[in-house]
Amino acid sequence: MLNIALFGPPGAGKGTQSKMLVEKYNLAYISTGDILRAEIAEGTELGLQAKDIIKQGGLVPDEIIVQIMEEKISSNNDVNGFLFDGFPRTTVQAYILEGLLLKLNTKLDCMLSLEVPNENLKNRLLKRAETENRSDDTEEVINVRLQEYETKTTPVAEFYKEKEIYHPIDGMGDIDEIFGRLTSVVDQTLERTWINMVLLGPPGSGKGTQGRMLAKKFNLVYISTGHLMRQEIKKGTDMGMSAKEYIEKGDIVPDEIAIKLIERQIKTHPDANGFIFKGFPRTIVQAYILDGLLRKLESTVTSSISLDVSTLESIKRLTARGKTQGKRKYDIDTDIIIHRLEQYEKRSSKVSSYYTKQNKFEGVNGVGNEEEIFQRLTDVVNNSFKKIR
């Protein structure tokens, strides 16, 4: 998901550039002014509250604005992200936006600030006042508006400078030149965005084989909690010994062990473009854990893909693997195979629902030869990349 805040004083050209950015990156346009006017026009409960406050000459409180914005954001599920125009205008609103986006399991990616000298702004606004017959836009009023903008927004700029996502953009020149500067920064931001994929599917669905192939093709780091645990068991570490009894029974290893292994693996790849997680999360609790792990790194799960195969197909594959050199201890016991599949069936639907609600889930037919399945997965991943990048 791509989330942009567009800053700029009156007359900087935010309206024009917003429309172009929204179209190019398939974003939902979020303007508090427009949203408030729409709510008032529709006569909603929040709109009526805002109308009464405005009639009395007051400013609409953040409490009302945040409710309206949350509703607007939550109702846009078919976009790649959001463009916020004129919000946040204060540091309080900056914190509000942080909380809102965190609730939606995302974050603000960049703050773009259109920079135009005051003299040019005055000329633009005076010209606009003349063409639109706006007698109230006098030079004196314009000076007050520009001063008010400067006073209010300086602390907000500092807020995002500290987060290292504030980008001043030269707002002088023709429309296409300015747009080129804006998109250059956005594209650079997208290139730095991690791609974190969760590969789901029952035991025997081929997640390991396909996960490694996808990681190689898209230059991602493959993290298999099962593989990491087997390595720990082989080394005879404390974690390995703790995990061994669970793995051999086909049960889920305690979350504390998985967390340590995943954190360690992520830290060993500081220059990664992103990760493919196989075997984690297996439960709704683990889905929350993974979000927390990635949130610490200012990242998030970008997509989840489920390799769909029938229970019978899984049993056939696991039984066949149990007769090969690459067999695992739990592949040679039919009771354990069935227990593992039952465990998956019992818990997996909640994980799938978790990512479906975030518009981050896709099922892929896992039946066929390796190349056929890989092509299906590649197509899904490419489409996912288009949404993110």
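**Aromatic rings and their neighbours**

1. Start with Tyr-288: its relative accessibility is 53%, so this residue counts as exposed. (Exposed is over 50% relative accessible area, buried is under 20%, and partly exposed is in between, using a 1.4 Å probe and protein chains only.)

2. A word on the source: this is a predicted model, where local features need pLDDT of at least 70, side-chain atom pairs count only at pLDDT 80 or more, and totals for chains, interfaces and linings use all residues. Residues are numbered from 1 along each chain as its sequence is written, and side-chain values use heavy atoms, leaving out hydrogens and water.

3. Searching the whole structure turns up 7 aromatic pairs. Tyr-288 and Tyr-354 form an edge-to-face pair, because their ring centres are 5.0 Å apart and their planes meet at 70°. (Rings of Phe, Tyr and Trp, the last by its six-membered ring, pair if their centres lie within 6.5 Å; planes under 30 degrees apart are stacked, over 60 edge-to-face, the rest tilted.)

4. Tyr-288 belongs to helix H13 (residues 284-296) and Tyr-354 to helix H15 (residues 334-357), so their pair ties together parts 66 residues apart in sequence. (Helices are DSSP runs of H or I with at least four residues, strands are runs of E with at least two, numbered from the N terminus.)

5. Tyr-354 is buried, at 11% relative accessible area. It also pairs edge-to-face with Tyr-355, at 5.2 Å centre to centre and 80° between the planes. Tyr-355 is buried too, like Tyr-354.

6. Elsewhere, ring pairs join Tyr-95, Phe-159 and Tyr-160 in a cluster.

7. Now for charges over rings. Lys-24 lies over the face of Tyr-25, 5.4 Å from the ring centre. The charged end of Lys-217 is over the ring of Phe-218, 5.8 Å from its centre. (This needs NZ of Lys or CZ of Arg within 6 Å of the ring centre and within 35 degrees of the ring normal.)
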